[in-house]
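Subject: Structure for you to look at

Hello,

Here is the structure I promised to pass on. Please open it beside this email and follow along.

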Amino acid sequence: MIFVVLFALLFTASRLDFLPGWADVFGEETQDRTGPALLKSIQDMSRYEAASGNFQVVVDLEKDAKFLPDAVKGSRTLYVGAGSVGAAVDLGKVAKGNVVTNKDRTEATLHLPHATLDKPALDPDRSYAVSKQRGLLDRLGDFFSDNPNSERAVQSLAAKHIGEAAKDSGLAARAEKNTTTMLQGLLHSLGFKDVTVLYDVGAAAR
């Protein structure tokens, strides 16, 4: 009985970082027993992915508790979030009336929807926590709950800031410019000499 109690105390202390180095004694072996991925559906894409931007942000998230010192209750996390945002033009929304050509089929005017921005996609290989400071109660909570989503808050903030930066970066305008170049090159190869592309269908880029 005494051995069991002593073992439990040593294991708890190692999890709480009271005894550095003891974590190696209770090392864990990880095995991936995940089954094969199953294809659920396939969708045809009509969006032209015209541009993509890579972004990086350092999130500094601090949580404090009233009437308690940070050493007891509170946390602060520095997190480097790296990810990308794509910009696309949905050509599937172009109706027949949005493409106007002359009788000789030498001139064409296309009315397209504005480019939209995709949701930010964080890159797990380039995103990481620089430091984590937690109070004693937070460490105990993590120990007993074994919460796998402890970084969800900083990841959400990183994605939010990256999305805001993408809106101000001119990424949507670059996507429209690239789409115009692509369509003009395509229609010129089909014999059209004068090709005009206008972005005036639907709402502006998100």
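D118 is partly exposed, with a relative accessible area of 25%. Keep in mind that this is a predicted model. D118 forms a salt bridge with R47, and the closest N and O atoms are 2.8 Å apart. R47 sits in strand β1, while D118 sits in the loop between β5 (116–117) and β6 (121–122), so the pair ties together parts that are 71 residues apart in sequence. R47 is partly exposed too, at a relative accessible area of 27%.

R47 has another partner. It also forms a salt bridge with E49, again with the closest N and O atoms 2.8 Å apart. E49 is partly exposed, with a relative accessible area of 43%. Together, R47, E49 and D118 are linked in a network of salt bridges.

How many salt bridges are there by this rule? The count comes to three. One of them joins R126 and D123, where the closest N and O atoms are 3.0 Å apart. R126 counts as partly exposed at 35% relative accessibility. D123 counts as partly exposed as well, at 23%. As background, side chains of opposite charge can pair when their charged atoms come close.

Now the core. The largest nonpolar core holds 28 residues, and V59, V85, L110, L112 and L117 touch the most other members. Which elements give two or more residues to this core? They are β1 (47–64), β2 (74–90), β4 (107–113), α3 (152–167), α4 (171–189) and β8 (194–201). The largest share comes from β1, which gives six residues.

Stay with β1 for a moment. Q56 lies in this strand. Is Q56 buried or exposed? Q56 is exposed, with a relative accessible area of 57%. Leaving aside its neighbours within four places in sequence, Q56 is in contact with V80, G81 and A82. Take A82: Q56 and A82 are 26 residues apart in sequence, but their C-alpha atoms are 4.3 Å apart in space.

Next, find the helix α3. It has 16 residues. From its first C-alpha to its last it reaches 23 Å, close to the 22 Å expected at 1.5 Å a residue. Which residues of α3 are buried? They are V154, A158, I162, G163 and A166. Here is a rule to hold against that list. An α-helix has 3.6 residues a turn, so residues three or four places apart point the same way.

Last, the strand pairings. Strand β3 (residues 99–101) pairs with β4 in the antiparallel sense, over three bridges. T101 stands opposite A108 in β4. The hairpin of β3 and β4 has five residues between the strands. In this hairpin, R105 takes a positive phi near 55 degrees.

β4 has a second pairing to look at. In what sense do β4 and β8 pair, parallel or antiparallel? The two pair in the parallel sense, over seven bridges. To trace this pairing on screen, begin with E107, whose bridge partner in β8 is D194.

If you have time for one part, go back to R47. Its links to E49 and D118 form the salt-bridge network.

Best wishes

Methods. Residues are numbered from 1 along each chain as its sequence is written. This is a predicted model: local features need pLDDT of at least 70, side-chain atom pairs count only at pLDDT 80 or more; totals for chains, interfaces and linings use all residues. Side-chain values use heavy atoms; hydrogens and water are left out. A nonpolar core is a set of buried Ala, Val, Leu, Ile, Met, Phe, Trp, Tyr and Cys residues joined through side-chain atoms within 4.5 Å. Buried means under 20% relative accessible area, exposed over 50%, partly exposed in between (1.4 Å probe, protein chains only). Helices (H or I, at least four residues) and strands (E, at least two) are DSSP runs, numbered from the N terminus. A salt bridge is a side-chain nitrogen of Lys or Arg within 4 Å of a carboxyl oxygen of Asp or Glu. The expected span of a helix is 1.5 Å times one less than its number of residues. Two strands pair if DSSP finds at least two bridges between them. Contact means heavy atoms within 4.5 Å.
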